[in-house]
Amino acid sequence: MKTMLITGGARGIGAQLVRHFTGQGWRVLFCYQFSREAAEQLAAQTGALAWACDVRREDQVRAMVSGAHQLLGHIDALICNAGAAWSGLTEEMPTAEFERLADTNLRGAFLCVRQALPLLRDRRGGIVLISSMWGTVGASCETVYSATKAALQCMARSLAKEVGPSGVRVNCVAPGAVDTDMMAGYSAQDKQALAEDTPLGRLCTAQDVAWAADFLLSDRASFITGQTLTVDGGFTL
């Protein structure tokens, strides 16, 4: 049975990734930081394993990956989905918020990838980093969020070159605007405007992201690595 580790899996995109891959027959361990109740409910519903972990903490990441290895037996895939956002004028952004976004979105992915790579190499496995369309084109009032998501795309390209000879593939998914908790500050009018500006006429869904990750981790994508698959309905065209 194929196995997978998903970070940030209790809510939003991450929860749908857990539902999707368990539904496809994968054995999944996912981590969460604060949403214990949601994580436990999701684990009960899907049969996935929930693990409390702050991906910014090296010791906690080490324990999580080791635990995943012991509980799952091996790791075939890693999806780095844990993320944080902040919206506002750059000149008004507190340094603490910059550090929170940089540590969660970039440092967290780095720590998880670094810890999991030896196990993935053993299985000729795959990595998917969840970026954002704003990491491709940038977003006003989301400077640091956009920068960290762009960094993930570059990480995928660089890492793909480094670990390709070991048979490990690394790719990104760059979703459009997904109506999750990260869009809590958006009004209904804002969301409608985003949908209207999208050629396909709607917002991205968490399931859209799951289908993209599924493809990139499947044998159908066995010769695809270092790529960013943009799932935004044509918004960034």
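Modeller: A crossing of two helices is left-handed if the near helix is turned anticlockwise from the far one by less than a right angle, and right-handed if clockwise. Helices (H or I, at least four residues) and strands (E, at least two) are DSSP runs, numbered from the N terminus. What you see above is a predicted model, where local features need pLDDT of at least 70 and side-chain atom pairs 80 or more, while totals for chains, interfaces and linings use all residues. Residues are numbered from 1 along each chain as its sequence is written, and side-chain values use heavy atoms, with hydrogens and water left out.

Biologist: OK, so what is the handedness of the crossing of H4 and H6?

Modeller: H4 and H6 cross in a right-handed way. Two packed helices are described by the angle between their axes and the distance between those axes. Here the axes (lines fitted to C-alpha atoms over the stretch in contact, with angles from 0 to 180 degrees between N-to-C directions) come within 9 Å and cross at roughly 20°. That makes H4 roughly parallel to H6 (under 35 degrees; over 145 is roughly antiparallel, 65 to 115 roughly perpendicular, the rest oblique).

Biologist: And which residues make the contact of H4 with H6?

Modeller: Contact means heavy atoms within 4.5 Å. From H4, the residues include Phe-98, Leu-101, Ala-109, Phe-110 and Arg-121. From H6, Tyr-145, Lys-149, Leu-152 and Met-155 are among them.

Biologist: Which residues of H6 are buried?

Modeller: Buried means under 20% relative accessible area, exposed over 50%, partly exposed in between (1.4 Å probe, protein chains only). In H6, the buried ones include Val-144, Ser-146, Gln-153, Ala-160 and Val-163. The buried residues of H6 pack against helix H4 (95–123), strand S5 (126–130), helix H5 (134–137), strand S6 (169–175) and strand S7 (228–231).

Biologist: What do the buried residues of H8 pack against?

Modeller: Their partners are helix H1 (12–23), strand S4 (77–80), S5, S6 and S7. Among the buried residues of H8 are Val-209, Ala-213, Asp-214 and Leu-216.

Biologist: At what angle do H1 and H2 pack?

Modeller: H1 and H2 (residues 36–46) pack at about 15°, and their axes are 10 Å apart. They are therefore roughly parallel to each other, and H1 passes H2 in a right-handed crossing. Ala-15, Val-18, Arg-19 and Thr-22 in H1 meet Leu-42, Gln-45 and Thr-46 in H2.

Biologist: Last one: where does Thr-198 lie, and is Thr-198 buried or exposed?

Modeller: Thr-198 sits in the loop between helix H7 (188–196) and helix H8 (206–216). Its relative accessibility is 6%, so Thr-198 counts as buried. Leaving aside neighbours within four places in sequence, Thr-198 is in contact with Asp-232, Gly-233 and Phe-235.
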